[in-house]
Amino acid sequence: MRTLILPLLLAIELAVFLPYSGVRFDSWQAFSSGLGYYLSDIVVLSAPLLILALGMTIVLMTAGIDLSVGAMVTLIAGVMSSFEPGAEFWLKAVPLGLLVAIALGSFNGFLIARLDIPPIIATLGTLILYRGLCSVVLADRENLSPVPAGMGEFPGAALMALALVSLGGAYFARSRLRREILLMGGNRIAARYAGIPVHRRIVQVYALMGVLAFFAALCALAHDGSVNAGWQEGLELKIIVAVVLGGTRVDGGRGSIIGSILGVFLVTVLEVGLIGIHHSDWILILLGPLLVLGVWLNTHVNAALRAVRSA
Amino acid sequence: MTDPFRRLSPSLKQRVGFLIFGNLALMGYIWFCTQRTADSSFTDELSRFGPNVAPELLAGLGLTGIIAAGAIDLSIGGIIVVAGSVFGILYEREISPALCFAACALTACALSALNGYAIRLLKIPAIIFTLAGLTFYRGVGLLLAKWVDPSFPGHYSLQKAAYHAPGKEYGGVIMYAALAVAILWEWHGKTPRTWLALGSSAEACRLKGMRTGRTLQSAFLTSGAFLGLAALTKITNQLTIEPSRLARGFELDVIGGVVLGGTNIFGGEGSYIGTALGVFFLYWVGQALIYAGISEYWRDAIQGAVIIAVIGFDCAIHRKRKLMEELR
């Protein structure tokens with residue numbers, strides 16, 4: 001049912017916001033070229049969110065959550081931005097950024113798997129820690145991006161997101177890892193008895209989130225052109241809302257990458273639309289109720305539907 | 001007179017002992033540092049202590065009950081932003097200080113109670129509902145200010161001294177009075193014990209006939225009363241109210257203090273005295289970092305690391321019990 005509702009909601013959002021987004025309706029040619037620019041903008045702005053939503057879907061499937069993604073993206077971008085563009089970027093910034101990304105993600109996984117800290121508390125803690133490290137790396141500076149600009153424009157960003165989400169998503173959908181993760185999210189004790197190395201898998205999932213944060217940092221840094229310590233604040237909630245709206249349960253055991261993709265487009269179109277009508281602050285208010293609505297639909301409405309079907 | 005600490009578990013008693021020692025050690029270090037420099041005195045440091053630590057402690061007292069009952073409130077920072085906006089709006093309209101204070105405290109209290117009611121009604125995990133509230137309330141505070149005054153410059157500047165009384169002059173008094181009331185209530189009252197029971201086993205409470213939804217709601221309502229005082233002391237202790245930046249990271253500082261004070265993050269265990277000592281400890285760690293000459297850029301990272309270490313330590317020592325419960 002959700003696969004029908006989400007595209008419908010997206011179409012309604014587009015119909016509401018298109019007139020305020022610079023698309024002209026006076027001729028077919030003007031409309032098609034305006035629509036093309038608008039959609040390419042939406043895809044480019046969605047690219048980092050799409051990449052992160054892939055990771056967040058997998059994290060939520062394990063009954064976890066990662067609130068530190070925004071801080072991770074900023075810290076990785078901050079580390080990479082201390083290098084010059086060109087050869088130094090490819091030879092030093094990229095390997096170091098990737099290494100930092102894996103370390104940050106694995107640290108989250110370690111806290112959750114080995115110390116048994118609830119994921120939301122652990123990653124809220126690392127959100128503060130990583131934001132603090134952003135201040136250490138960037139101080140009050142605004143560092144320029146060393147990333148080739150093409151990675152943040154159309155079609156570079158779109159291709160990167162498409163490659164990661166489609167190839168990664170297709171592999172994940174058919175892999176044994178997915179089934180293990182769903183079992184872990186549904187019933188961790190059963191997963192342990194089934195011989196799944198639960199702790200190792202959790203660390204791997206959060207490390208993967210770190211790697212995806214690295215790719216998202218590349219896209220977003222190339223697009224924005226600079227980074228400071230407060231960059232990408234609030235990114236985590238946008239991703240969680242998108243993923244939950246897409247049908248992934250926050251208490252684990254169920255998730256859909258296609259739903260998450262649609263959720264990301266819903267959030268991006270809403271955000272761009274609110275900017276278009278000069279009410280950008282409303283996104284702060286709308287994200288919370290959207291998250292509550294998504295969780296409520298995923299738990300209560302789905303349970304009611306299942307009860308009706310079984311009856 | 002019965003032993004007031006009789007209800008504390010041995011691990012909680014150990015934690016209280018550790019925190020008393022830790023607080024004294026940090027205060028000793030700061031005293032030592034102030035003796036070496038001419039431009040600071042330990043008496044000044046102590047006089048600033050009450051007003052500076054009051055918001056975190058008051059919010060911590062409220063959160064202790066919620067966490068002990070097995071829930072959490074991540075939206076306390078956002079609620080303080082709404083209370084701050086309400087205070088700023090009334091201040092700009094030159095409403096009397098007493099009405100501003102009352103409106104600020106009641107706003108925070110009402111929103112916290114609303115959280116409890118909505119969680120009970122929608123049957124959504126408190127952690128998710130209040131995570132959503134984290135940005136929602138911040139957005140409400142910001143938009144409220146802009147809606148009332150379309151030319152809102154982004155902050156309210158509080159210049160009149162009369163509007164600073166609860167935070168700057170009476171912050172310490174309010175804090176100690178609230179702490180005394182909370183501790184007496186914990187020793188002699190029944191409600192805090194029902195929160196502990198709910199946090200220990202919601203299922204057992206249901207079987208006993210306890211109305212668990214109502215009990216959890218009472219924890220949120222009580223938290224609201226403390227949060228109202230926290231909002232009041234925080235807002236009136238500063239010269240500007242900036243809704244977009246006010247109380248950022250406040251929730252984690254408070255959770256860190258509560259957990260450090262021995263309240264089990266999974267519920268079922270906790271005490272007000274422990275929370276007070278935990279919040280004081282984190283405050284003195286922050287002050288000690290300043291006296292140690294640590295760069296301001298490093299302070300957030302170090303405090304974040306301390307909080308993670310504290311929560312990690314707490315979870316690690318409760319891990320064995322949790323595993324046993326899972327196997328059972």
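In helix 7 (residues 176-186) of chain A, the buried residues are Ile181(A), Leu183(A), Met184(A) and Gly185(A). The cover over the buried residues of helix 7 of chain A includes helix 2, helix 8 (188-193) and helix 9 of chain A. The structure is a predicted model.

**The two chains**

Chain A holds 12 helices and two strands. Read from the N terminus, its elements follow the order α-α-α-α-α-β-α-α-α-α-β-α-α-α. Chain A has a radius of gyration of 20 Å, close to the 19 Å given by the globule rule for 311 residues, so chain A is as compact as a globular protein of that length.

Chain B holds 13 helices and two strands. Its radius of gyration is 20 Å, close to the 20 Å that the globule rule gives for 328 residues, so chain B is as compact as a globular protein of that length.

The table sets out the C-alpha spans along the principal axes, the buried fraction, and the share of contacts joining residues at least 24 apart, taken among contacts between residues at least 6 apart in sequence.

| Chain | Span of C-alpha trace | Buried residues | Contacts joining residues at least 24 apart |
|---|---|---|---|
| Chain A | about 60 × 55 × 35 Å | 50% of 311 residues | 80% |
| Chain B | about 60 × 55 × 40 Å | 51% of 328 residues | 81% |

**Helix 6 and helix 9 of chain A**

Helix 9 (residues 198-224) of chain A packs against helix 6 of chain A at an angle of about 165°, and the two axes are 10 Å apart. At that angle helix 6 of chain A is roughly antiparallel to helix 9 of chain A, and the crossing of the two is left-handed. Helix 6 of chain A contributes Ala157(A), Met160(A) and Leu164(A) to the contact, while helix 9 of chain A contributes Phe215(A), Cys219(A) and His223(A). By class, the residues of this contact are five nonpolar, one polar and no charged.

An α-helix has 3.6 residues a turn, so residues three or four places apart point the same way.

Ala161(A) also lies in helix 6 (residues 156-174) of chain A. Ala161(A) counts as buried because 26 other C-beta atoms lie within 10 Å, where the cut-off is 20 or more. Leaving aside residues up to four places away in sequence, Ala161(A) touches Ala47(A), Leu50(A) and Ile51(A). Cys219(A) is 58 residues from Ala161(A) in sequence, and the C-alpha to C-alpha distance between them is 8.7 Å.

**Helix 10 of chain A**

Helix 10 (residues 235-245) of chain A is mostly covered, with 11 of its 11 residues buried. The buried residues include two with charged side chains by class, Glu236(A) and Lys238(A), and among the others are Leu235(A), Ile239(A), Val243(A) and Leu245(A). The cover over helix 10 of chain A comes from both chains: it includes helix 2 (28-61), helix 3 (69-80), helix 11 (257-276) and helix 12 of chain A, together with helix 5 (126-148) of chain B. Just after helix 10 of chain A, Gly247(A) takes a positive phi of about 110°.

**Helix 3 and helix 5 of chain B**

In chain B, helix 3 (residues 76-92) and helix 5 pack at an angle of about 10°, with axes 7 Å apart. Helix 3 of chain B is therefore roughly parallel to helix 5 of chain B, and the two pass in a left-handed crossing. The residues of helix 3 of chain B in this contact include Gly77(B), Gly78(B), Gly84(B) and Gly88(B), and those of helix 5 of chain B include Gly133(B), Gly141(B), Leu144(B) and Val148(B). By class, the contact has 11 nonpolar, eight polar and one charged residues.

**Contact between the chains**

Chain A gives 32 residues to the contact between the chains, and chain B gives 32 residues. On the side of chain A that touches chain B, helix 5 (119-138) and helix 12 (282-310) of chain A are the elements that give two or more residues. Helix 5 of chain A gives the most to that side, with 12 residues. The residues on the side of chain A that touches chain B divide into 23 nonpolar, six polar and three charged.

How values were computed: Residues numbered from 1 in each chain as written. Chains lettered and ligands numbered in written order. Predicted model: local features only at pLDDT ≥ 70, side-chain atom pairs only at ≥ 80, totals over all residues. Contact = placed C-beta atoms within 7 Å. Helix = DSSP H or I, 4+ residues; strand = E, 2+ residues; numbered from the N terminus. Rg over C-alpha atoms; globule rule 2.2 N^0.38 Å. Buried ≥ 20, exposed ≤ 12 C-beta atoms within 10 Å, placed from the backbone. Axes fitted to C-alpha atoms, helices over the stretch in contact; angles between N-to-C directions. Parallel < 35°, antiparallel > 145°, perpendicular 65-115°, else oblique. Left-handed = near helix turned anticlockwise from the far one by under 90°.
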